[in-house]
Every structure is written in C-alpha cells, then in structure tokens.
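The following paragraphs explain selected features of a single structure, which is a predicted model. Please keep the sequence and the coordinates in view while reading.

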Amino acid sequence: MAIKHNQQIPHNHFRKDWQRRVRCHFDQPGRKSRRRNARLQKAGAVAPRPVDKLRPIVRCPSVKYNRRVRAGRGFSLAELKEASIPRKLAPTIGISVDPRRANLSTESLAANVDRLKAYRARLILFPRRTGQHKELDSSKEEIVEHTKEGKVVRKTGLALPITNISREEAIGEVSKGDMPEGTEGAYRKLREARSDARLVGVREKRAKAKAEESQATKK
C-alpha cells in the first residue's frame, strides 16, 4: 500500500517467537517413509488376511449429498441375520459390525446383504491350529489354490469397491417418441389450470351478462 501525506510509518512486527509460534516440517520426508514402513509391517503381520475390514454401503446425509454412497461404520444386525452370519462370528472373519445402525429401506438392506454374500463366497478361512479342522474352515485344496501368487487380496475395499454412478449415467434424456400416446405436456397442463383458476370470476361475470342479455332480447 502506498503511503500518502505526512503519516506515521507502520511498525512491521517481523520478530516472531520462533521457539513457540513457528513450526517447520523438515521431517516430512522421514515421516512419509515411516508411515510406509508401518503399513508394510502391518500388512506382513496380518497376512494373508486383508489389512482392512469389510464395510457396508450407506448413503451420505443431507439432501445435498444423499445421491452419493460411501463406506459405513459397520453392518447392521438385520443385514447379518439376512446373510446368515452370526453377529459374534462376523468381527472374527473381517466384517465390521455396528449394532446401533438401523435399515430405513429395503434397497439398502438388499444391497448390503448381497455384499455380505459376495464376501462370504470369496472368503477362505484358515484353521487356527494345524490338524484341527472346524466346520467353517476351508478345505486344504481351496487353501492351496487361493494362496497362489496374485490371488491373495490385500485390501477388501479394492476387491469389493463402492462406486458411484456418473452424472451422465444417472441423468437420461427422454424423447417425445418414448412418451405414451394421448398424454399432454405437463407444462401446458399446469399453465391452463393456472389460467382457469385466475379467470374463473371474469368468466362467471361474462356468462351472467350474456344470460341477462339473452333474457332481455326475449322480452
């Protein structure tokens, strides 16, 4: 800003307290490598299990964003019951559970039940102890086949992704040929109804004057 007239020069306070008020992130590259090593270490510790849990498909809140879907906190008890998965078994096989969540529509219930069934069909359960095969554990042949290179899923979100349809796919164009026969345009119908409601008094007055005129001519 230019200085005009004989005014006092502003005091610029550039002597900041660097020890308390200013922080420099010179450790950002080191933190990046540490985070990456921690991710690799976690993936190695839980292998061959995925690093994340299966999460449900939920709608975003508010009218502005409810056209979008995202990953929720956990599956509801009704969804687990429909998919025939016990609620205490679900967290042990990589399924997140939210007992507080309630289904408000049959569409969301059906979508998440299908998601659970697809996950259950692809799931390979290893026996916890060698030689102690339980009822839900996979067979030895299935374990050998699915543990080959490239068949092990590291992230559940990539194997069963949650996708939103694009705006071009969501909005379609309707031509006049697709309209059923005998239907009028909605806009024209609304304008005519508005006009009829607005002119009802004028038309009644005109009809009454015409009737009185015809009676006068008869006399």
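Ser96 is placed in the loop that runs between H3 and H4. With a relative accessible area of 6%, Ser96 is buried, because it falls under the 20% limit for that class. A polar atom of the Ser96 side chain lies 3.4 Å from the backbone oxygen of Arg73. Arg73 is also among the residues that Ser96 touches, together with Lys53, Leu54, Arg55, Pro56, Gly74 and Phe75, when residues up to four places away in sequence are not counted.

Two of these names, Leu54 and Phe75, return in the largest nonpolar core. This core has 14 residues, and those with the most contacts inside it are Leu54, Phe75, Leu80, Ile85, Ile95, Leu116 and Tyr119. Helix H4 gives the most to the core, with three residues. Leu80 is in contact with Phe75, Ile85, Arg87, Ala90, Ile95, Val97 and Leu116, leaving aside its neighbours within four places in sequence.

Helix H4 itself comprises 17 residues, 106–122, and reaches 25 Å from its first C-alpha to its last, close to the expected 24 Å. Its buried residues are Asn112, Val113, Arg115, Leu116 and Tyr119. Seen down the axis of H4, the buried residues fall within an arc of 160°, so they line one face of the helix. In general, an α-helix has 3.6 residues a turn, so residues three or four places apart point the same way. The cover over the buried residues of H4 includes strand E1 (57–59), helix H3 (77–82) and helix H6 (156–159). Thr106, Glu107 and Ala121, on the other side of H4, are exposed.

Ser139 counts as partly exposed, at 29% relative accessibility.

The whole structure holds four salt bridges, including one between Arg100 and Asp98, whose closest N and O atoms are 3.6 Å apart. In that pair Arg100 is exposed at 66% relative accessibility, whereas Asp98 is buried at 9%. Arg31 and Asp27 form another salt bridge, with the closest N and O atoms 3.0 Å apart. Arg31 is partly exposed at 39%, and Asp27 is partly exposed at 33%. Asp196 pairs with Arg203 in a salt bridge, also with closest N and O atoms 3.0 Å apart; Asp196 is partly exposed at 43%, and Arg203 is partly exposed at 41%.

Terms used. Residues numbered from 1 in each chain as written. Predicted model: local features only at pLDDT ≥ 70, side-chain atom pairs only at ≥ 80, totals over all residues. Heavy atoms only, no water. Helix = DSSP H or I, 4+ residues; strand = E, 2+ residues; numbered from the N terminus. Expected span 1.5 Å × (residues − 1). Buried < 20%, exposed > 50% of the residue type's maximum accessible area, 1.4 Å probe, protein only. Arc of directions from axis to C-beta. Contact = heavy atoms within 4.5 Å. Polar contact = N/O pair within 3.5 Å; in protein donor to acceptor, adjacent residues only side chain to side chain. Core = buried A, V, L, I, M, F, W, Y, C linked by side-chain atoms within 4.5 Å. Salt bridge = Lys/Arg side-chain N within 4 Å of Asp/Glu carboxyl O.
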